[in-house]
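Please read them with the coordinates open.

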Amino acid sequence: MAANTSPIYPAVGKIGWGILTAANTATDGTGTVATILTADATDGSRVDRVRFTPLGTNVTTVIRLFLNNGSTNATATNNALLKEFTLPATTASNAAALVDLEWDADLVLPPGYKINAAMGTAVSAGWQITALGGDY
């Protein structure tokens with residue numbers, strides 16, 4: 001079978017997000033997760049970047065991003081750890097902006113695959129995780 005010899009580009013933008021406050025200490029993608037983005041069911045999707053935005057005052061924690069094959073995340077073999085980041089402690093202020101973090105993901109997801117997120121330590125205000133990309 002010949003490989004695709006013509007470049008393809010996303011046909012329409014795709015944005016997905018979720019908010020986390022609760023702890024999930026599982027490092028295999030099981031347990032309580034937020035589904036950040038689900039790839040297009042027919043042609044898949046591209047994820048260019050993922051942004052982490054604090055929603056107020058939080059303690060330091062770790063965020064883990066998992067690739068899920070579109071099946072239940074309760075089965076560990078359906079999940080693969082993509083990346084983990086330390087999210088810093090944040091303090092809400094009316095005088096200074098909270099700083100968000102960004103990961104240049106550069107991922108192509110097969111049809112129906114998901115990006116799930118879990119946080120290692122419970123936080124007060126929460127973090128919003130936003131994936132930006134497009135559907136093929």
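Over how many bridges do E4 and E5 pair, and in which sense, parallel or antiparallel? E4 and E5 pair over 8 bridges, in the antiparallel sense.

1. Basis. This is a predicted model, in which local features need pLDDT of at least 70, side-chain atom pairs count only at pLDDT 80 or more, and totals for chains, interfaces and linings use all residues. Residues are numbered from 1 along each chain as its sequence is written, and side-chain values use heavy atoms, with hydrogens and water left out.

2. Composition. The protein chain has 0 helices and 9 strands, and its pattern along the sequence reads β-β-β-β-β-β-β-β-β. Helices (H or I, at least four residues) and strands (E, at least two) are DSSP runs, numbered from the N terminus.

3. Overall dimensions and surface. The C-alpha trace of the protein chain spans about 55 × 35 × 20 Å along its principal axes. Its accessible surface comes to about 7,200 Å², and 53% of this belongs to carbon and sulfur atoms; accessible areas come from the Shrake-Rupley method with a 1.4 Å probe, and for residues only the protein chains shown count as cover. Of the 136 residues, 38% count as buried. Buried means under 20% relative accessible area, exposed over 50%, and partly exposed in between (1.4 Å probe, protein chains only).

4. Among contacts with a separation of 6 or more, 83% are between residues 24 or more positions apart; contact means heavy atoms within 4.5 Å. There are 7 positive and 10 negative side chains, and the centres of the two sets lie 3 Å apart. Lys and Arg count as positive and Asp and Glu as negative, while His and the chain ends are not counted. The place of a charge is taken as NZ of Lys, CZ of Arg, CG of Asp or CD of Glu.

5. The open sheet. An open sheet is formed by 4 strands in the order E2-E8-E4-E5, with antiparallel pairing. Its edge strands are E2 (34–38) and E5 (79–87), each pairing on one side only. On average, neighbouring strands of this sheet are turned by 20° against each other, direction ignored. For such angles, axes are lines fitted to C-alpha atoms, for helices over the stretch in contact, and angles run from 0 to 180 degrees between N-to-C directions. Two strands pair if DSSP finds at least two bridges between them.

6. Strand E4. E4 is largely enclosed by the rest of the structure, because 7 of its 8 residues are buried. E4 (residues 61–68) pairs with E8 (residues 114–119) in the antiparallel sense over 6 bridges. Ile63 stands opposite Met119 in E8, and Asn68 has Lys114 in E8 as its bridge partner. Towards E5, Val62 has Thr86 as its bridge partner.

7. The loop between E4 and E5. Asn73 lies in this loop. Is Asn73 buried or exposed? Asn73 counts as buried, because its relative accessibility is 18%. Leaving aside neighbours within four places in sequence, Asn73 is in contact with Gly29, Thr30, Gly31, Val33, Asn68, Asn79 and Asn116.

8. Pairings of E3. E3 (residues 45–54) runs antiparallel to E9 (residues 127–135), joined by 9 bridges, with Arg46 opposite Gly134. E3 also runs antiparallel to E7, with 3 bridges; here Ser45 has Leu109 as its bridge partner. E3 and E6 pair in the antiparallel sense over 3 bridges, and the bridge partner of Val50 in E6 is Trp103.

9. Asp106, worth a check. Asp106 lies in the loop between E6 and E7 (107–109). It has a positive phi of about 50° although it is not a glycine. Most residues other than glycine have a negative phi. Asp106 counts as exposed because its relative accessibility is 52%. Beyond its neighbours within four places in sequence, Asp106 is in contact with Arg46, Val47 and Asp48. The C-alpha atoms of Asp106 and Ala22 are separated by 27 Å and are 84 residues apart along the chain.

10. Ala97. This residue is found in the loop between E5 and E6 (101–103). Ala97 counts as exposed, because its relative accessibility is 72%. C-alpha to C-alpha, Ala97 and Gly120 are 24 Å apart in space, and they are 23 residues apart in sequence.
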